[in-house]
Every structure is written in C-alpha cells, then in structure tokens.
Amino acid sequence: MKRIKVCVAGATGWAGSELARAIARVDDMELVAAVSRSQAGRMLGDVISVEGLAAPVFGTVEEALETHPDVFVEYTKPAVAKFNILSALQGGAHVVVGTSGLTNEDYEEIDRAAREVSRGVLAVGNFALTVVLLQKFAEMAARYIPHWEIIDYASSTKIDAPSGTARELANRLSRIRASQLDVPLDQVEGVRETRGARMLGTQVHSVRLPGYVISVDAIFGMPGQKLILRHESGSSAEPYVDGALLAIRNVGKLTGLHRGLDSVMEF
Ligand SMILES: NC(=O)c1ccc[n+]([C@@H]2O[C@H](COP(=O)([O-])OP(=O)(O)OC[C@H]3O[C@@H](n4cnc5c(N)ncnc54)[C@H](OP(=O)(O)O)[C@@H]3O)[C@@H](O)[C@H]2O)c1
C-alpha cells in the first residue's frame, strides 16, 4: 500500500500536534515534514514526545515543500494561512485547511489557484463529527424556519472572529436563504452592534471569554417554539483528529476548493 506523504504546518500547536500524533499511529500515512518557526531544525518526535517520529521540522513552508508531500495540512494562523495554502498548491500538494479566519474572497482565490494546478483543497471550519451533524441539521431547519441567528463561543485569546465554525455555517445557510430580520438593522433603536454582525444573510454573535474552547449555537425561532442546535467541545484537540484524517485520505480525489467535511462523507 502506498502511504500518503503528509506535511503538517503548525504541527507543534494545540490542534496540529494532536493530528501529528495520530498520523504517526496510522499505517496509511507518513509524516514527511512539519512547519514551526520556533522548533525549526529539530525532529518533530522530539518536540511532541513521539518516539521514532523522524519528521524534520522546517521554519518555512517553502523548505518543507521540498520533501514533496502529497497532502499539506494548514493548521497555523489566519495571517499566514492563505500564503501557505497557495505555496503548497504551487508545490504540487493537495491541501487540507484547518486554520480559521479565511474570508470567502480568500477562498475564491484559493479555488482558482487549485483548479489551475488540478489539485484539491478541502477546507473544514471544524473537523468534529458533532459539528458536521450540526451543519446538516441546521441546513434542514433553515428550509422550514425563516428566522435564525448564530452564537459562537471561544477563548478570550482567539485572534479571529467569528470562528471558522460560524463562518462555514453562515456560508452554508446562505445557500438556502437569508434569515429573516423583522426589524431591519438600520431601524434598530439603541446600540445597533448588540444585534451582532450580518454575515451572508445570518446574524452572527461572537463571545470571547476564558473558559470556552470552541462552541456554537444555531438558534431557530418560530412563533411559540424554538430549536437550539448546540455543539460544545472541551479542552482536548481530540475531536478534530478523526475528521482531519478523513480529509487527508480523501482530498486527493478532489479538484478545486471544497468546504466542509461532508464533501467527503456519505449522508
Ligand atoms: N478546523 C478545525 O477543526 C480546527 C480545530 C482547532 C483549531 N483550528 C484552527 O487552527 C488554527 C491553529 O490553532 P491552534 O490552537 O492549534 O494554534 P496554536 O496552538 O497557536 O498553534 C499554531 C501552530 O502554528 C505554528 N505557526 C504559527 N505561526 C506560524 C507562521 N507564521 N509560520 C509557520 N508556523 C506558524 C506554531 O508554531 P511556531 O509558533 O513555532 O511557528 C504552531 O505550531 C487556528 O486558526 C484555529 O482556529 C481549527
């Protein structure tokens, strides 16, 4: 069996290190390179305490791409993610994007770049299975219920808002319709910002407090009844591992940009 050669950018971080440990455990993948500025020059196994994991850590994506990975995983920071993804595509890799904070315009550019080189990009705002299910249930609800809002919760140190989870959900719901606002935002009396931000036809509210990791509520309201879909995650990065492995296994079958893990799942 030919193993999938994987490079993980951000392999020393909270999410990337959990994924790197899992890649080291599975038989069908080989971790050939990692990217981290602070640990460049070391072996990843020494940095994240995995015996026998001999993947070199590079300080730049360009150096890491010289190992010719089949799949490049982007798990760093919003500010560098687009550059890393475009570099990986130019280097001939398929790309799995876990990093949040990229805009729809960024993704349009990434889609064009991926199609030019006939490579796949699978961007997943949240790899957790319960989020994939929440997305599916929310799409069903939006077909029947015209009013909804999203609340996204994360730690006080999260740089980007809203979360990748909330962005992806708003993007999906926009394909069904815009949520109805009975009082248009420009007619709100008082402090308009308290009504949240209008993103792709959905009101989105981001709460940033210590104690939260990543949670999201999709609230659908009808006269006399409400449906609240809630995903909550704890402090471990484990919920994101299985979904990311699934994405790595399947991104090579795709061309261009695909958003959401359900692109490679059967429902
Ligand atoms: N899709 C999902 O399911 C999911 C789940 C969890 C997190 N996320 C997202 O994934 C991203 C990473 O989250 P995290 O909590 O793991 O972050 P983190 O713990 O801060 O780790 C960031 C990693 O990226 C590296 N890095 C940062 N800036 C870099 C740069 N300029 N060039 C190269 N490497 C760089 C860091 O190493 P150095 O500092 O040594 O460079 C580190 O390895 C965030 O956008 C987060 O929202 C998504």
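User: Which residue has a polar backbone atom 3.1 Å from an oxygen atom of the ligand?

Analyst: This is a predicted model, in which local features need pLDDT of at least 70 and side-chain atom pairs count only at pLDDT 80 or more, while totals for chains, interfaces and linings use all residues. Residues are numbered from 1 along each chain as its sequence is written, and side-chain values use heavy atoms, without hydrogens and water. The residue with that backbone atom is Gly13.

User: How much of the ligand's accessible area does the protein cover?

Analyst: An N or O atom in the side chain of Ser36 is 2.8 Å from a ligand oxygen, and a backbone N or O atom of Gly98 lies 3.1 Å from a ligand nitrogen. On its own the ligand has 910 Å² of accessible area (Shrake-Rupley method, 1.4 Å probe).

User: Is Ser100 buried or exposed?

Analyst: Ser100 is found in the loop between β5 (94-97) and α5 (104-116), elements defined as DSSP runs (helices H or I, at least four residues; strands E, at least two). Buried means under 20% relative accessible area and exposed over 50%, with partly exposed in between (1.4 Å probe, protein chains only). Because its relative accessibility is 15%, Ser100 counts as buried.

User: Which side chain is joined to that of Ser100 by a polar contact of 2.7 Å?

Analyst: A polar contact is a pair of N or O atoms within 3.5 Å; within protein, one must be able to donate a hydrogen and the other to accept it, and residues adjacent in sequence count only if both atoms are side-chain atoms. The side chain at 2.7 Å is that of Asp160.
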